[in-house]
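Please read them alongside the coordinates.

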Amino acid sequence: MIAVVGIAIVAPPIGLCLVILCSLAKIKLTDTIGPLIPYISILIADLVIMAFWPWLVMFLPTFFKL
């Protein structure tokens with residue numbers, strides 16, 4: 001859930017954090033979307049990995065019995 005919220009606050013259509021930061025820095029929103037595409041795609045790939053292979057994410061907690 002935290003990963004989804006992390007993507008949502010910077011994703012361009014409704015990314016509230018991105019909109020606020022662009023307005024404070026006086027930068028156009030369209031200028032910031034291009035450089036953010038690689039980072040958002042990495043976050044989405046991480047989310048897919050966590051969703052389909054949860055044992056990869058939960059390996060250390062189960063190893064240490066946390």
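1. The model is a predicted one, in which local features need pLDDT of at least 70 and side-chain atom pairs count only at pLDDT 80 or more, whereas totals for chains, interfaces and linings use all residues. Residues are numbered from 1 along each chain as its sequence is written, and side-chain values use heavy atoms, with hydrogens and water left out.

2. Thr32 lies in helix 3, which covers residues 29-52; helices here are DSSP runs (H or I, at least four residues), numbered from the N terminus. The Thr32 side chain comes to 2.9 Å from the backbone oxygen of Leu29. Leaving aside residues up to four places away in sequence, Thr32 touches Leu18, Cys22 and Ile27, where contact means heavy atoms within 4.5 Å.

3. The structure contains three aromatic pairs. Rings of Phe, Tyr and Trp (its six-membered ring) pair if their centres lie within 6.5 Å, and planes under 30 degrees apart count as stacked, over 60 as edge-to-face and the rest as tilted. One of the pairs joins Phe59 and Phe63, which is stacked because the ring centres are 5.9 Å apart and the planes stand at 20 degrees. These two residues are four apart in helix 5 (residues 59-63), so about one helical turn separates them.

4. How exposed are Phe59 and Phe63? Phe59 counts as partly exposed, because its relative accessibility is 48%, while Phe63, at 53%, counts as exposed. Phe63 also forms an aromatic pair with Phe64, edge-to-face, at 5.0 Å centre to centre and with 80 degrees between the planes. Phe64 is exposed, as is Phe63, and Phe59, Phe63 and Phe64 form one aromatic cluster.

5. A nonpolar surface patch of about 980 Å² deserves a separate point; its residues include Ile44, Val48, Phe52, Trp53, Trp55 and Met58. Such a patch is made of residues with over 30% relative accessible area and no salt bridge, nonpolar side chains (Val, Leu, Ile, Met, Phe, Trp, Tyr) being joined within 5 Å, and a salt bridge is a side-chain nitrogen of Lys or Arg within 4 Å of a carboxyl oxygen of Asp or Glu. Helix 3 and helix 4 (54-57) each supply at least two of the patch residues, and the largest share, five residues, comes from helix 3.

6. Met58 is placed in the loop between helix 4 and helix 5. Met58 counts as partly exposed, because its relative accessibility is 44%.

Note on methods
Polar contact = N/O pair within 3.5 Å; in protein donor to acceptor, adjacent residues only side chain to side chain. Buried < 20%, exposed > 50% of the residue type's maximum accessible area, 1.4 Å probe, protein only. Patch = residues over 30% accessible without salt bridge, like charges linked within 9 Å, V, L, I, M, F, W, Y side chains within 5 Å. Areas by Shrake-Rupley, 256 points an atom, 1.4 Å probe, with all protein chains shown as cover.
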